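Work through these exercises with the model in view. Try each task before reading its solution.

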Amino acid sequence: MATFRGKLLLGVLICLAAAVPAAAADTAMPAIGQSYLIGPGDVLEISVWKEEALTKLVTVLPDGKISFPLIGETMATGKTVAQLKDEIETRLARYVPDPVLSVSIYQMNSLNIYVVGKVNQPGRFALNANADVLQALAMAGGLNSFAKRGQIKVFRKQDGNTKIFDFDYDDVTDGKKLDQNIQLVRGDVIVVP
């Protein structure tokens with residue numbers, strides 16, 4: 001009897017393990033698409049085929065730059081992976097004939113949003129997938145009983161200016177004004193008064 005239970009449990013675990021990667025892949029891919037912009041703190045894996053000395057994990061520094069052998073410092077923040085790859089290839093071509101270069105995001109550390117005010121767990125939250133305001137409030141443990149549910153604001157820095165979006169929690173959760181439930185981007189701050 002114990003062996004049958006053990007085999008049954010093992011079978012269930014194998015089925016669950018097989019299902020998890022597929023679900024995880026569906027949620028993780030939107031954040032690292034063609035339009036993902038590299039930011040400070042991100043860790044990049046850069047490798048040149050057949051050049052072991054040119055295979056490195058590099059961290060994007062707070063000033064937005066990375067340092068790579070032979071080319072020195074280069075600006076990475078604000079570029080897509082494809083743009084950075086092209087730039088490094090061009091600069092490496094002086095030293096390595098026809099470099100076959102690979103650049104990938106090894107770890108995303110710059111895709112953060114902030115939730116402050118009357119929520120149960122205010123703070124900084126890393127996004128591994130696209131998220132909207134309602135999802136961010138859930139990550140912050142939800143609103144506390146003193147929150148002004150109709151006066152929530154999202155602050156976004158854009159082109160040197162700060163744009164403010166209104167968010168009425170009750171309207172959105174009732175299925176009204178769903179356009180207020182915007183997709184969040186790097187650096188957004190949600191303020192719950």
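Which residue in β2 does Val 48 stand opposite? Val 48 stands opposite Glu 51.

The model is predicted: local features need pLDDT of at least 70, side-chain atom pairs count only at pLDDT 80 or more, and totals for chains, interfaces and linings use all residues. Residues are numbered from 1 along each chain as its sequence is written, and side-chain values use heavy atoms, with hydrogens and water left out.

**Exercise 1. The three-stranded sheet**

Task: Work out the strand order of the open sheet that holds β1, β2 and β5.

Solution. 
- Step 1. Strands (E, at least two residues) and helices (H or I, at least four) are DSSP runs, numbered from the N terminus. Two strands pair if DSSP finds at least two bridges between them.
- Step 2. Take β1 and β2. Six bridges join them, and the two strands run antiparallel. They form a hairpin with two residues between them. Lys 50, in the turn, has a positive phi of about 65°.
- Step 3. Take β1 and β5. Six bridges join this antiparallel pair as well. Ile 46 stands opposite Val 103 in β5. Leu 44 faces Ile 105 in β5.
- Step 4. Read off the order: β2-β1-β5, with antiparallel pairing.
- Step 5. Find the edges. β2 (51-59) and β5 (101-107) each have a single partner strand, so one side of each is left without a neighbour in the sheet.
- Step 6. Neighbouring strands are turned by 15° against each other on average, direction ignored. Axes here are lines fitted to C-alpha atoms, for helices over the stretch in contact, and angles run from 0 to 180 degrees between N-to-C directions.
- Step 7. Contact means heavy atoms within 4.5 Å.

**Exercise 2. Asp 42**

Task: Is Asp 42 buried or exposed? Which backbone nitrogens lie by the polar atoms of its side chain?

Solution. 
- Step 1. Asp 42 is in the loop between α1 (2-28) and β1 (43-48).
- Step 2. Buried means under 20% relative accessible area, exposed over 50%, partly exposed in between (1.4 Å probe, protein chains only).
- Step 3. Apply it. Asp 42 counts as buried because its relative accessibility is 0%.
- Step 4. Find the nitrogens. The backbone nitrogen of Gly 39 lies 2.9 Å from a polar atom of the Asp 42 side chain. For the backbone nitrogen of Ser 110 the distance is 3.0 Å.
- Step 5. List some neighbours. Asp 42 touches residues including Tyr 36, Val 58, Met 108 and Arg 186, not counting residues up to four places away in sequence.

**Exercise 3. Salt bridges**

Task: How many salt bridges does the structure hold?

Solution. 
- Step 1. Define and count. A salt bridge is a side-chain nitrogen of Lys or Arg within 4 Å of a carboxyl oxygen of Asp or Glu. The structure holds nine.
- Step 2. Start inside a helix. Glu 89 bridges to Lys 85, with the closest N and O atoms 2.9 Å apart. Both lie in helix α2 (residues 81-92), four residues apart, about one turn of the helix. Lys 85 is partly exposed, at 25% relative accessible area.
- Step 3. Go to Arg 149 and Asp 170. Their side chains meet in a salt bridge (2.9 Å, N to O). This pair links distant parts of the chain: Arg 149 in the loop between α3 (133-139) and β8 (152-158), Asp 170 in helix α4 (residues 169-173), 21 residues apart.
- Step 4. Finish with Asp 166 and Lys 153, which meet at 2.7 Å, N to O. Asp 166 is in strand β9 (residues 161-167) and Lys 153 in strand β8, 13 residues apart.
- Step 5. Note a network. Salt bridges link Lys 79, Glu 87 and Arg 91.

Note on methods. A polar contact is a pair of N or O atoms within 3.5 Å; within protein, one must be able to donate a hydrogen and the other to accept it, and residues adjacent in sequence count only if both atoms are side-chain atoms.
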